[in-house]
Amino acid sequence: MKKVFSLLGILMFLASVSLAMTGSQIMNEVIKADSNFKTQKIEMHMCIQSKGMASKNYDLVIYVYNKGSSKKYAFIRFISPESIKGLSFLSLGKNEEYLYMPAYHRVQRIAGSFKNSKFAGSDFTYNDLSLLYSKKEAGKYKILINNASEYILEIVPTAKNVQYSKLVMTIEKKHLLPTKVEFYKNGLLYKTMKDSMLTKIQGRWLFKKITLTMANGSSETTLTLIKTEFNLNIPLNFFSVRTLFMPVLAY
Amino acid sequence: MGKIGSWISKHRWLIIVLFTIVTVFMAYEASQVRIIDDITKYVPENDAVVSFFNKVANEFDMNDLILIGMDYKDLFSKSSLNNINVITNGIKEIRGVKSVISLTNAPWIEAKSGSVEISKIQNFVLNGGNTERLKKEIMNSPLFKGQFVSPNGKSTLIMVSLNASMSVQQSIKVTKNVENYVKTHSLAQKIYYSGIPPSNLTAQKLAKKNLETLIPLSLLAVALILFVLFRNTLGFLLPIISVIVSSTWSVGFIHLIGCTMTLANVAIPVIVIALGNAYGIYIVNKYLEEKDKDHTVRVFNTLRDIGIAVVLSASTAIASFLSLLTVNINPIRDFGIFTAVGIAFALLTNIFLTPALASFSEKHLSSKAEKSNRFGKNLGEIILKHKWAFISLTLISIGLFSIFILRIQSDMRLSVLLGKQNEVVKSMDYFNRRFNGSDFVIVNFNGNATDPYLLRSERLISIYALNHFKGVVGESYSLAKIIREMNKKFNGQNYIPSNRNKVQNLWFLMQGNNLSQLVNSQRSETVEQLRVNPSSLKEIEKLKKSLSKFISKYVFKRYSYVNISKCTHKEKELAQESLTTYLTAYLQAKSLMASPTFIKSVVNEAINSTADEFLKRHAKDASNRIINYLKSFGMLEGISANTISNLKSGITESFENGYSQNSLKNALEKSVGLNTEEIFAPIIENQIPNVANGYKVNYIKNLLLHNIKGLTNEDANSLALVLSEKTVVIPQKNGKYSFKVGITGIPIVYNHVSNMLINAQYESMMISAIIVFILLMIQTSSVLMGFIGLIPVTLTVLFNFSIMGAFDIPLNAITITIASMTVGVGVDYVVQIFSRLRVEFKKSGDVHDAIVKSLATSGRGVLFNSIASSGGFAMLFSSNIHGLRQFGILAISTMIVALILAVLTLPGVLSLMPYSFYEKAFKLKKER
């Protein structure tokens with residue numbers, strides 16, 4: 001009987017702790033849970049299916065450097081198709097993002113509303129890419145639902161140049177992973193991101209498939225995780241403009 | 001026919017009841033008739049020109065395109081920009097709208113302080129940017145100025161594409177919704193609409209309004225004239241009732257069989273009223289002439305004596321309208337069919353209903369009318385006395401006037417049909433004035449849309465069109481223009497690169513933007529939109545021919561790409577030929593001159609000089625550029641001034657000694673050490689080709705500027721960039737790449753349909769003439785009489801065409817029908833005269849006397865008909881459709897000329913024939 005009361009006591013404590021958490025704190029926990037690594041390499045396949053059109057397929061590799069829960073560096077490079085092979089994107093923070101065009105051997109800093117442009121014609125914008133490597137967006141976080149299995153948060157972005165009026169994120173409590181994100185524009189549902197195929201890789205839970213569907217049914221983008229590795233010995237200086245020029249990456 | 005008359009007399013109530021029921025039913029059907037006018041539906045769908053247009057227009061959302069022009073007090077104020085954004089987004093949500101492109105949602109490429117943006121002005125609006133700066137940038141943007149903002153910066157243009165799968169009626173409904181939305185949400189001072197859907201909407205409104213007013217007005221005019229002429233109730237009431245019935249039936253019939261009307265077809269009921277009343281006049285006239293008191297006898301005699309003539313008149317009119325079936329233009333064929341049906345209804349009504357109604361009257365021709373018969377006889381005597389004078393005068397005047405026939409033009413444009421004062425035309429003028437064009441000529445490129453050579457050809461063609469057709473082509477919008485602009489903003493290079501990967505890199509950045517009006521989803525086709533002022537079809541035709549000639553002369557059909565530093569001698573020769581062709585074409589497109597020797601030498605220089613030679617010459621400057629490039633990314637932050645100086649001298653040394661990867665490596669190792677060399681070498685190596693080529697470009701540019709008079713700095717730069725590239729396109733019969741170029745657009749379709757008209761007119765006239773000749777021959781049993789009957793008909797047609805030429809009345813969907821109508825009217829008069837001549841000749845056996853009496857009797861009917869019909873057609877002058885007013889002029893001239901020829905000239909010709917001729921023609925010997 002004592003054990004039962006002790007267990008109940010612990011559960012009530014945990015519940016009160018979780019109830020006491022703010023939306024922002026829950027988000028921090030989510031990012032924290034997904035950031036227990038120094039570096040990560042992700043090989044991905046991206047398929048864009050627009051209504052009435054042939055699908056477009058890309059292979060890309062993403063490198064992430066965890067500088068702490070509030071800051072992550074990311075390097076994205078296209079591997080195929082051949083026509084854009086080597087095209088790369090480097091994010092060293094909100095105001096330091098670069099695009100490398102291999103055919104021109106030129107790097108361009110990208111800024112402002114360009115980040116709301118579609119990434120490779122997909123349903124992701126350059127801004128949305130941060131969701132792939134768990135970066136916390138500046139905004140107001142509010143808990144909409146907190147039940148036994150999930151949190152549903154409403155996020156109202158406060159950063160400049162963000163096109164969404166709000167995001168509604170569903171987080172499953174067990175692994176603290178977002179399972180669904182709804183993007184709203186002017187109060188209307190604009191697109192929905194759903195995560196599926198939960199898998200454990202190198203002791204970490206993550207979703208192998210991410211699907212972003214436009215609310216008007218015009219297109220759907222699917223990202224499929226091919227391979228991921230954690231804590232490779234990638235130095236910080238790999239995440240630099242210089243690497244953009246490198247035709248072959250060392251990692 | 002007499003027996004039919006007896007039957008009618010006996011069953012007159014049944015006939016009246018039946019006609020009343022059918023008329024009420026048809027009146028209901030007529031009230032439901034829909035009016036749809038669309039030039040792309042004028043010719044059969046399998047027509048090559050139209051099907052190509054439909055294919056291209058459907059693929060690029062240009063088939064049902066609405067242009068909305070809006071004048072704002074201050075276009076660049078936040079409230080105006082916000083309003084344009086609201087309208088753009090609002091229209092997008094309207095059901096049936098496929099896409100909307102405007103100032104606020106078109107791809108906006110911006111370069112500022114070392115960064116680039118491809119965004120939309122709507123983001124700028126939402127984020128509250130500096131509007132003064134935006135105004136300056138828009139007015140300097142070749143993609144926006146002239147395209148979405150008028151060159152004077154006061155007006156903006158929104159392009160709305162409707163779903164191609166919709167019917168014309170549905171697209172009209174969506175257009176109404178779009179117009180209503182803009183009307184209720186726009187803060188603009190003035191709003192204008194152009195394009196096929198708004199034109200169709202206006203045409204529908206206009207046609208409906210005209211139909212509602214012209215029918216009662218024509219009826220009223222004919223009724224008044226008949227009342228004045230007959231001066232008795234029967235004389236005006238019965239022909240009017242007959243045309244009310246037949247015109248109601250003809251419009252009702254169109255809806256009953258599931259067809260629609262066009263703007264041109266509005267004239268159908270008016271024609272039925274104007275022509276159909278003749279049969280009523282002849283029947284009533286003859287009925288009144290009958291002296292018998294018994295109505296059965298009067299009806300019997302009436303139909304016996306002129307029934308056949310009326311049937312024959314109507315049959316020839318029907319046949320001549322049916323000759324329009326040879327015209328492969330749908331509304332004209334419909335016009336022919338429905339007018340023929342209307343005439344058939346008029347015949348049916350006048351054979352059955354008019355005698356049935358007349359049989360209730362006991363009135364006879366008044367003494368006044370008989371006096372007028374005497375007047376007719378006197379006139380007949382004068383005409384026969386001076387027959388040669390009348391014949392000569394007619395032939396000479398029509399012969400001289402017919403010179404104007406050579407001036408006849410065909411023009412199917414809605415703007416010409418509607419006239420200058422119409423709202424559609426005023427809107428078109430607005431777009432022509434403000435945006436240098438109200439319509440589009442589309443140059444379609446069928447091939448890989450992002451192929452560099454295809455894009456470069458696209459640009460070349462637009463330069464040619466804009467420069468050689470200044471008053472016609474006002475703007476161009478194409479993928480080539482966007483790619484070039486991106487290259488300019490991203491890389492400072494205002495040209496389309498030859499390197500396929502470079503284009504792919506630029507295209508990659510454009511993905512996600514709405515370019516559906518320029519490139520298809522598979523990227524297998526792209527179009528160049530040339531915005532044109534379509535006020536002259538001749539100029540549009542000239543534009544099409546010139547563009548085709550330019551393309552066939554300068555654009556390679558099959559080609560490959562070679563790297564001139566690695567290619568064979570033969571390929572190098574082809575590369576030289578290719579660049580020579582390009583330079584020559586560019587200069588021709590710009591109307592600039594250069595000697596062939598210079599062109600050859602500059603191309604030779606461009607191909608044979610390497611960029612490294614230029615790097616050696618400009619080593620110090622190149623080194624500075626590279627250092628500045630490194631600085632722009634903060635790569636040199638935290639590095640001492642001494643190291644930077646060493647780095648610079650190391651790079652300079654490497655360039656001065658002849659650059660190679662190893663020489664640079666050694667020089668950098670020596671100047672800044674191994675570790676620093678490893679950091680900078682990849683970036684420097686990547687930048688060297690760009691920097692080196694820059695010197696080559698500059699050199700070629702200076703050569704061009706010095707040797708080509710009038711060449712602008714921008715053109716010289718663009719040309720030098722092309723000439724300095726390592727990758728060169730070469731013409732090859734079995735080349736790896738190819739594309740096809742086609743030219744289309746609504747103005748091209750208008751031209752095509754207009755050209756079809758002339759030939760169609762000849763064909764339909766020939767058929768009409770043959771049918772008329774056969775029918776007259778049957779009536780008179782004489783080949784010669786058939787020919788004589790054709791004389792006034794042919795002369796009336798000639799006179800009408802002369803009027804068209806003299807008064808610049810073009811051949812269009814309405815006026816093309818005038819020839820058939822002329823034949824119908826002309827033959828009607830001839831048949832009436834011939835028919836009466838037969839009766840009178842049988843009675844008197846004297847040619848002179850028979851002709852005089854025919855003139856006094858049938859001449860009277862013909863005269864009344866001519867005046868009454870002219871009165872009916874005169875009501876067309878009240879129409880606000882210019883084409884209908886022109887039709888009114890032609891129709892009245894037909895009535896008058898046909899009357900003159902039938903009454904003044906034909907009797908003279910007939911009097912030339914001897915007694916024996918008529919005896920044989922009218923088979924008198926046999927009958928006697």
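Entry 1. I began with burial: a residue is buried if 20 or more other C-beta atoms lie within 10 Å of its own, exposed if 12 or fewer, and partly exposed in between, with C-beta atoms placed from the backbone. I noted that this is a predicted model, in which local features need pLDDT of at least 70, side-chain atom pairs count only at pLDDT 80 or more, and totals for chains, interfaces and linings use all residues. Residues are numbered from 1 along each chain as its sequence is written, and chains are lettered from A and ligands numbered from 1 in the order in which they are written.

Entry 2. I looked up strand β9 (residues 525-532) of chain B and found 8 of its 8 residues buried. Helices (H or I, at least four residues) and strands (E, at least two) are DSSP runs, numbered from the N terminus. In a regular strand the side chains alternate between the two faces of the sheet. On one side of β9(B), B:Glu525, B:Val527, B:Gln529 and B:Arg531 are buried; on the other, B:Thr526, B:Glu528, B:Leu530 and B:Val532 are buried.

Entry 3. I then checked the partners of β9(B), taking two strands as paired if DSSP finds at least two bridges between them. Strand β7 (residues 439-446) of chain B pairs with β9(B) in the antiparallel sense over 8 bridges, and B:Phe445 stands opposite B:Thr526. Strand β8 (residues 473-478) of chain B is also antiparallel to β9(B), over 5 bridges, with B:Tyr477 opposite B:Gln529.

Entry 4. I turned to another sheet of chain B, an open one of 4 strands in the order β2-β5-β1-β6, with antiparallel pairing. Strands β2 (97-101) and β6 (190-194) of chain B stand at the edges with a single partner each, so one side of each has no neighbour in the sheet. Between β1 (residues 65-71) and β5 (residues 155-162) of chain B I found 7 bridges, and B:Ile68 stands opposite B:Ile158.

Entry 5. I looked up B:Val160, counting a contact where C-beta atoms, placed from the backbone, lie within 7 Å. Leaving aside neighbours within four places in sequence, B:Val160 is in contact with residues including B:Ile66, B:Ile91 and B:Val178.

Entry 6. After α29(B) comes B:Ser781, whose phi is positive, near 55°.

Note on methods:
Two residues are in contact if their C-beta atoms, placed from the backbone, lie within 7 Å.
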